[in-house]
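Let us walk through a protein model together. Keep the 3D view open and follow each stop in turn.

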Amino acid sequence: MTVLPDDGVSEPDVFPHATREQWQALVAGVLRKSGREVSGEEAEQALSTELAGGLTVHPLYTADDTSPDPGLPGFAPYVRGSRPLGGWDVRQRHRSPQAAAANEAVLADLENGVTSVWLAVGGAGLPVADLGQALAGVYLDLAPIVLEAGAETGAAAEELLNLFEREGVDAGQARGNLGADPLGLAARTGAAPGYDDAVALAARTAERYPHLRALTVDALPYHEAGASAAQELGASLATGVAYLRTLIAAGLDADTACGQLEFRYAATADQFLTIAKLRAARRTWARVTEVAGAPAAGGQRQHAVTSTVMMTRRDPYVNMLRTTLACLGAGVGGADAVTVLPFDEALGLPDAFARRIARNTSTILLEESHLGRVADPAGGSWYVERLTDELAHSAWEFFQELEAAGGQEKALSSGLAGERIAATWQARKRALATRREPVTGVSEFPHLAERPVVREPDPAQAAPGTADTPSRDLPQGLARALPQVRRDEAYEQLRARSDAHLASTGKRPRVFLAALGPPSVHTGRVSFAANLFQAGGVEPVHDPVTVDADSVAAAFAASGAELACLCSSDALYAEQAEPVLAALRSAGARWIGLAGKPAAGPGADAHLFLGCDAVAVLTSVLDRAGVAA
C-alpha cells in the first residue's frame, strides 16, 4: 500500500512515466493481431487520419507537439476568443416567404430562448415590403436582427432602418447586421459583384448605429461547394481583405472598417475541426487587422451555422445528433453567435417541432452543460492547439494563393477558387463513395422501411444557384456560381431511383443473399452486404438454409429476386463459388456479386468489400435490375 506524505503530495515514483516507444509497441501489438506488421513510428502513423487540405490528425499528442502561445481570451491574437467570457448569441434563421408564418415562428423562438433573428429576405424569401409585418411584436431594441437579402440588400436594409425609426428604437440600441455581401452573392449566383450598397450602408451605420454592422463575410458558399476547412478560412480572409480595401478607399478608417464586418462559418459534426477552425480564423484575421493598421479593432466577430453539407434527407432525425455536435464545436470554439439549423432543413420549410429542437440544442449546452461559463474550454489541449496552428498555416497559404490571383473577385471570375474547391470535393466524394467517410442512416445502417418526412416546399431550394445546382455557363465577365453539395447526394440519387421503381411496380429491386456454410462463417459478410445494398434502395432477401449449388438455386428462385450475392468465407468460395455461380446464372440471376475482395472468388459481376466503390456497385446493380435512372 502507498502512503502519502504528510504534505498530501503523492510520491513522485508511484506511477512511473510511460514512454512514447512503449505506447508505440503496444499499438504495434494490437495491429499485429489484425495482420499488420508495423513497429515504432510506422505503428503510430497507421492510426493517423488524413483530413482535406493536407492536414493529418495523429493518434497521440504530447507536450512535444508545440504550437505558438495562443494568448488569453479577449486579447490578441484572439485564438482563445474575442471575449474574456464564454457563451454565445442563440441566433435562429427564418426563411418562410409568408409574413404571418414568419412572425409566428420568430415570436415563438424569441419567447423560448432565441436571442437574435436571422431573416432571409427578398428573392424566394420574405418580400422586403413584409419585413415590418414579420417583425411585428419584436422588441427591436433587445433582439438583434440579421438580414440575408442577396441582390435586394439595399432595399431590405433601408426597410429595416426605417422600421427602427418608426418603432422609436434609439440608434445606440439597434443591433444586428444588414447583410451586405457582394462577393458571397457572386459565389452563390454568378452575379457580378457590386459594392455601392455595401459602402453606403457601412458609412451610414458607422456614423449613426454603433452596434449595427453592415457587411457579412459569408464563408458558407465555399463550405457548401465542398471546400476544406482551410479553403473556407482562406476564402473568408480574401473576402474580408477585399471589403477592407473597398471601405478604406471609400474613406473609412481601418478600425471602423473592421468593425463593420461579421464573419459567418460552417460548424460540422467534426467538433474538433470546428473548434480549431474558429480559433484559427480569429488568429489569421488578427494578423490581417495588424497589417491593415487596426490592431485595436478587436477580435473577429463570428457567426457559426451548422453545416447543410452534412444534413441528410434520409433518416433526417439523425441530423439532431449532427447539429448537437456542431453546436458544441461552435460554442467551444468561441463563436459569438450560433445558428442550429432544424433537422428537417433539407426537406423544405422546418416545422415548429424542428425549430424547437434546434433552439433547445443551444439552451441545453448553455444552461445544462454550462459551456457558457467557460472561455475556451479546449484551450491547452495539445491536439487542439496543434490542429489550430496547422489549420491557420494551411488557410493562410490558400489566402495567399487567392491574393496572388488578384483577390477574391478575380479568383471567382477566373474559376480558380471553384477549381480548387472542386478538386477537394472530388476527393471527398471518393471517400463517401467508398464509405471511408460513413453517413449514418444513408451509406451506413439505412432504413428502407422509413416513412418519409414531408415538409412544406421551400421556394429557395428550387431557385437557381441553390442545392444540387452545378456550376453553370454564365455570360462573359460574370463570376462563376459555385455549386451546393451534400454528403448524401450520390446515395440520395440511388434511393430516389428505388423509390420511383417502388411507386411504379409496387416493389423495390431485390437481391438474394446466398449464404454458404454455417452462420459463424457467413453472418459477418451477410450483414455487410445487406447494409451496402440497402444504401442503394435494394432490398436484401436472406435464406440461411443453403447448403449446396442446387439448394442455393432453389432458394433464389423462390425469393422472387433477380439479383444475387454470395456471402461466405474465402475458404468456402474456393470450394463452392464456381458451381454456385453457375447454378444462380442458370436460375436466371441477372447480376451476381460476391462479398469479399476480388481474389476471394472468380466469376462474379462485382465484389463487395470494405473500401469498395459502393456507389459504382449500387449503380450497376440498379442498372442491371432495370431500375430507371
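Is the crossing of α12 and α13 left-handed or right-handed? It is right-handed. A crossing counts as right-handed if the near helix is turned clockwise from the far one by less than a right angle, and as left-handed if anticlockwise.

First, some ground rules. This is a predicted model, where local features need pLDDT of at least 70 and side-chain atom pairs count only at pLDDT 80 or more, while totals for chains, interfaces and linings use all residues. Residues are numbered from 1 along each chain as its sequence is written, and side-chain values use heavy atoms, with hydrogens and water left out. Helices (H or I, at least four residues) and strands (E, at least two) are DSSP runs, numbered from the N terminus.

Back to the two helices. Helix α12 spans residues 319-333, and helix α13 spans residues 352-368. They pack at an angle of about 35°, with their axes 10 Å apart. Axes are lines fitted to C-alpha atoms, for helices over the stretch in contact, and angles run from 0 to 180 degrees between N-to-C directions. Contact means heavy atoms within 4.5 Å. On α12, the contact is made by Met 320, Thr 323, Thr 324, Cys 327 and Leu 328. On α13, Phe 353, Ile 357, Thr 361, Ser 362 and Leu 365 take part.

Stay with Phe 353. Its ring and that of Phe 343 have centres 6.0 Å apart and planes at 75°, so the pair is edge-to-face. Rings of Phe, Tyr and Trp (its six-membered ring) pair if their centres lie within 6.5 Å; planes under 30 degrees apart count as stacked, over 60 as edge-to-face and the rest as tilted. Phe 343 sits in the loop between β10 (337-339) and α13. Phe 343 is buried, with a relative accessible area of 3%. Phe 353 is partly exposed, at 34%. Buried means under 20%, exposed over 50%, and partly exposed in between (1.4 Å probe, protein chains only).

Now turn to the sheet. Five strands form an open, parallel sheet in the order β12-β11-β13-β14-β15. Two strands pair if DSSP finds at least two bridges between them. β12 (539-542) and β15 (606-608) stand at the edges, each with a single partner strand, so one side of each has no neighbour in the sheet. Strand β11 (residues 510-515) pairs with β12 over four bridges. Helix α19 (residues 549-559) packs on the sheet, touching β11, β12 and β13 (563-567). Helix α20 (residues 570-586) also packs there, touching β13 and β14 (591-595).
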